[in-house]
Amino acid sequence: MSLLEVQRLFVRYPTERGPAQALDGVSLSIGQGEVVGLVGESGCGKTTLAKAVLGILGSGEAEGVIRFRGQDLLGLGADAVRREIRGRAITFVPQDPFGSLHPLYRVGDQIADLMAWKAPDTAPPSRLQERLALFTRRRRPAHRDAAIAMLRDVQIPNPEQALAKLPSELSGGQRQRLTIAMALLPQPELILADEPTTALDVTIQAQVLRLLHNLVREKGVSLLFTTHDLGVASEICDRIVVMYAGQEAEVAPTRSFFAAPRHPYTAALLQSLPNEQGVLRDIPGSIPPLVNPPGGCRFHPRCPNASARCAAERPPPVEVAPGHWLRCWHPVAA
Amino acid sequence: MPLLLRFGKRLVWSIGTLLGVVVIVFAISNVIPADPAALVAGDSATAEQIAETRARLGLDLPLYQQLFNYLGRLLQGDMGTSIFTARPIAEDLLGRLPATIELALGSMLLAVLIGIPVGVISALKRGSLLDHAVRVLTVSGFAVANFWLAIMLQLLLVMWLDLLPLFGRIEGDAPAFITGLYTVDALLTGNWRALGDALWHLALPSITLALPVAATIVRFTRTGVLEALGRPFVPYAQAMGLPPVIIVWRYVLRAALTSVVTQIGLVTGTLLGGAVVVEAIFDWPGLGGYTVNSIMMSDYSAVMGAALWIAAMYVITNVIVDAVQAMVDPRAAAR
């Protein structure tokens, strides 16, 4: 059984020009200990998918099924998801380690706040305990020891001293290591990492990526990793999910994905990477609007293989090779 | 230690500020078209007697020399003698200082206790009916003159509803003197009757003074909270499932407070200025009431002394605010 199972998930955001259909019936699954890369351009819905799983869509409305350990998260209710799942069984690594930490609280205090509510050895707080949050003290010395051990795991030098620092006194790479440590501290089963290396210098990106990868492997945590960088995805992912404008286009084991991409969008995406000849090819056209998007397969206006059917009907998922799923009427030859 | 150093540095700087205040106050009292020598000499004095008095008071000297003489006396703690009470001004002021401190502290406490929660809630419910109501009230809070508000509150709460006393600081005996703040002294000595009575008297003047200050705090808290809500640490804390109470009242408010604390320092000036009028209306025996009396009596040395003390209170408040600021924002302490 998969750890996370997303089935036909629709997400709509209200905008002034009408509802933006950010996710259009997306399905996805993540197994125990699996690392899945969610790849796509900005605005393709990868962050929206992560937010939907976390239950923090804000004004967005989700419809469909998000099953975690067999439990339907959308049915569980936002409040219960926050208290019992979010920050506990499912944690998050943000894209921006600079702004995501509170600038005025010391690192140790921010970890202590997290551990006060999300420590793995504690029961989820009741609603009343949360209401009284300002008047109760839930910090434990043991949490500090756990924090120091975890900071050591993410290779932050001098963990004891780091706890007494403000986030602004840490480097970008250290801050991202810190958010990785905070994602691991509650001993989650699934980590959602939203482009966790985008904000870092290229030289540090690889280090942080390897660290994250090693730690989730070591601890057997599943990882859903969103990125727009196919190179990054190829390095650490077991499986890759390509999304385009709120639809998933192709889902495949990493090796099969790079060896034989079948969706025209994926093929175009791979060709847009710098190759040995140093030729960069772009994909003609631009990303469609999410308010009144094109019908059928949303890639059809830009697709070289498109037919009338593509505009009329969304292709169903078809398994073209073991574990390699495709949603396309006219796939590229293998 | 850096905090103490910073504190000390500000204290030294504030001496310069006070010196500036002395010069300004001195200049103003010298351009006002009234002759202190004539006042001191009395109604029936001859021109000769007035000239003699002027020489005795050193008022015939060049202005800069008068200023130096005044500064020299100030350094010895001598602010001159009041024409009106015939007592040393410094003593008069010292006796009245606790009443003003009590009123100012009470008002500030009230303003903060009202202003911050209302500002936060108004920001959280932005655009709601409540938010609009708060906006109308805060704009009125700025616009309404202290003396008008004081009189209206007296009419409503004293004359019609008979809930509060009209004026004064306490009825019956004052609590044993420790700090001079009746409420604090009563609390320290366990004199509950005096505490209740002092609070009962304190209520109306401090509400009057607190309202415009609370309005300012509401506005700045609301803006600060809205700004802080848009910062990325909020969605991160939400993504990690922290309780909303912690996110709003700790993370967001802490970030918003930096600008609010600065503002509290600035509105202290408004508050002390307001205290002059409010003390006069409620017959509150503090510095403000004394200042008004001295102005009425053309008692310039007393006016200068009172202005100087009020300025000193303002400067000290800002040194304290600065220290609080450093505690709220550890990054500021490093600068």
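Q: What makes the place of A:Thr48 part of a helix?
A: A:Thr48 lies in helix H1 of chain A, residues 46–54. Helices are DSSP runs of H or I with at least four residues, numbered from the N terminus. This is a predicted model, where local features need pLDDT of at least 70, side-chain atom pairs count only at pLDDT 80 or more, and totals for chains, interfaces and linings use all residues. Residues are numbered from 1 along each chain as its sequence is written, chains are lettered from A in the order in which they are written, and side-chain values use heavy atoms, with hydrogens and water left out.

Q: Why does A:Thr48 count as buried?
A: Its relative accessibility is 11%. Buried means under 20% relative accessible area, exposed over 50%, and partly exposed in between (1.4 Å probe, protein chains only). So A:Thr48 is buried.

Q: Which residues does A:Thr48 touch, not counting residues up to four places away in sequence?
A: They are A:Val11, A:Tyr13, A:Ala22, A:Leu23 and A:Leu57. Contact means heavy atoms within 4.5 Å.

Q: What makes the pair B:Thr262 and B:Gln325 a polar contact?
A: Their side chains come to 2.8 Å. A polar contact is a pair of N or O atoms within 3.5 Å; within protein, one must be able to donate a hydrogen and the other to accept it, and residues adjacent in sequence count only if both atoms are side-chain atoms. B:Thr262 also touches B:Val321.

Q: How do you know that B:Arg250 forms a salt bridge with A:Asp113?
A: The closest N and O atoms are 2.6 Å apart. A salt bridge needs a side-chain nitrogen of Lys or Arg within 4 Å of a carboxyl oxygen of Asp or Glu. So the pair qualifies. The count between chain B and chain A is one salt bridge.

Q: How many residues does each chain bring to the contact?
A: Chain B brings 23 residues and chain A brings 32. The two chains bury about 2500 Å² between them, 68% of it on carbon and sulfur atoms. Buried area is the accessible area (1.4 Å probe) that two parts lose on being put together, summed over both. In chain B, B:Tyr236, B:Met240 and B:Tyr251 lose the most area to chain A, together 27% of what that side buries.

Notes. Helices (H or I, at least four residues) and strands (E, at least two) are DSSP runs, numbered from the N terminus.
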